[in-house]
Amino acid sequence: YLSILYNLNLGAQGEDVILFAGTMSGGQGVLAYKNVAEEVKDPKNWKDKTIAGQIGGTGEMVIKAVLNRDYGYVLDKDFKYKSFETDAETIAACSKGNTDVIIVSNNFVDSAVKQGYVYLFPLTDLEDDFVCCRQMANGTKFKNNREAYLAWLKTVIEAYKIYKMEEERTINILEKDSGQTKEWLHNFIYDLDKNQRRFYSPDPNYNGVKLYYDTMIKLGYIETKRELPEFFDISLYAQALKEVIKENPD
């Protein structure tokens, strides 16, 4: 999988790709510089503010979409957005107080707080249905080897059940495979407060992806005449889910 920005850009430009399943969503926090933290707890007060985040990241698209949709704010007229290559660069560049609000991934929230920012809320508070990485395949191979992708996706759905219902088993497996400690794995995967509501799911989430895609087009990130269904397949997930349920009636 790749970042959804690259997934969608490839599809929009006519590349032979198919998006067909989900990976993860959430996982980013919203923080404010200490001198404006109280004021900007409510995004309705973000007019005339400067916001920063990773360029092309999910946070950028969510913020720009939500401020326009829910508050009528227009980019570069009612608010400004600064883009940086990484979360670390975002924090370092903005830590002098020349930016009001920043969006960073869960791993960088503590670092931002140490550098003068006040934690406000997870980004999912603004848009619960926001997506991150999706599963993508070569379009031709996907069509010619559908049964192989179906078998793989059924396995992922079964693994998802273990992840959701058997935390200890999941952490033991990941501890062995990743080398990370059980505490770190619990915090990163299961503690929704510490991981900024990051969650994992094989569901392709067409509606969430469409919000992202429409925002990319509206903001001029891409120019395309391709509609999302032209390179987005939800039928494989539906088939996989039905077969897994039928094969596992309990």
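Trainee: What kind of model is it, and which pLDDT limits apply?
Mentor: This is a predicted model, in which local features need pLDDT of at least 70 and side-chain atom pairs count only at pLDDT 80 or more, while totals for chains, interfaces and linings use all residues. Residues are numbered from 1 along each chain as its sequence is written, and side-chain values use heavy atoms, with hydrogens and water left out.

Trainee: Let's start with helices, then. At what angle do α1 and α9 pack?
Mentor: Helix α1, residues 4-12, packs against helix α9, residues 206-218, at an angle of about 65°, and their axes are 11 Å apart. Helices (H or I, at least four residues) and strands (E, at least two) are DSSP runs, numbered from the N terminus. The axes are lines fitted to C-alpha atoms, for helices over the stretch in contact, and angles run from 0 to 180 degrees between N-to-C directions.

Trainee: What does that make them relative to each other?
Mentor: The two helices α1 and α9 are therefore roughly perpendicular to each other; angles under 35 degrees count as roughly parallel, over 145 as roughly antiparallel, 65 to 115 as roughly perpendicular and the rest as oblique.

Trainee: Which residues meet there?
Mentor: From α1 there are Ile4, Leu5, Leu8, Asn9 and Ala12, and they meet Val209, Tyr212, Tyr213 and Met216 of α9, where contact means heavy atoms within 4.5 Å. By class, the residues of this contact between α1 and α9 are eight nonpolar, one polar and no charged. For those classes, Ala, Val, Leu, Ile, Met, Phe, Trp, Tyr, Cys and Pro count as nonpolar, Asp, Glu, Lys and Arg as charged, and the others, Gly among them, as polar.

Trainee: And how do α2 and α9 cross?
Mentor: The axes of α2 and α9 come within 10 Å and cross at roughly 80°, which makes α2 roughly perpendicular to α9. On the α2 side the contact is made by Thr58, Met61, Ala65, Asn68 and Arg69, and on the α9 side by Leu211, Tyr212, Thr215, Met216 and Lys218. This contact of α2 with α9 has five nonpolar, three polar and two charged residues.

Trainee: What about α6 and α7?
Mentor: Helix α6 (residues 146-165) and helix α7 (residues 167-178) have axes that come within 6 Å and cross at roughly 110°, and α6 and α7 are therefore roughly perpendicular to each other. Ile162, Tyr163 and Met165 of α6 meet Glu167, Arg169 and Thr170 of α7, a set that divides into three nonpolar, one polar and two charged residues.

Trainee: Switching to the inside: how many residues are in the largest nonpolar core?
Mentor: The largest nonpolar core has 21 residues, and those with the most contacts inside it are Val30, Trp46, Ile51, Ile63 and Leu123. A nonpolar core is a set of buried Ala, Val, Leu, Ile, Met, Phe, Trp, Tyr and Cys residues joined through side-chain atoms within 4.5 Å, and buried means under 20% relative accessible area, exposed over 50%, partly exposed in between (1.4 Å probe, protein chains only).

Trainee: Which elements give two or more residues to it?
Mentor: They are β3 (28-33), α2 (58-71), β6 (101-105) and β7 (117-122), and the largest share, four residues, comes from α2. Apart from this core lies another, of 15 residues, among them Ala12, Met61, Val131 and Phe232.

Trainee: Now single residues. Is Lys64 buried or exposed?
Mentor: Lys64 lies in helix α2 and is buried, with a relative accessible area of 9%. Leaving aside neighbours within four places in sequence, Lys64 is in contact with Leu75, Phe79, Tyr81, Leu219 and Tyr221.

Trainee: And where is Phe84?
Mentor: Phe84 lies in strand β5, residues 80-84, and is buried at a relative accessible area of 19%. Not counting residues up to four places away in sequence, Phe84 touches Ala52, Gly53, Gln54, Ile55, Glu89, Thr90, Ala93 and Cys94.

Trainee: Last one: what does Ile234 touch?
Mentor: Not counting residues up to four places away in sequence, Ile234 touches Pro204 and Tyr206. Ile234 sits in the loop between α9 and α10 (235-247), and at 47% relative accessibility it counts as partly exposed.
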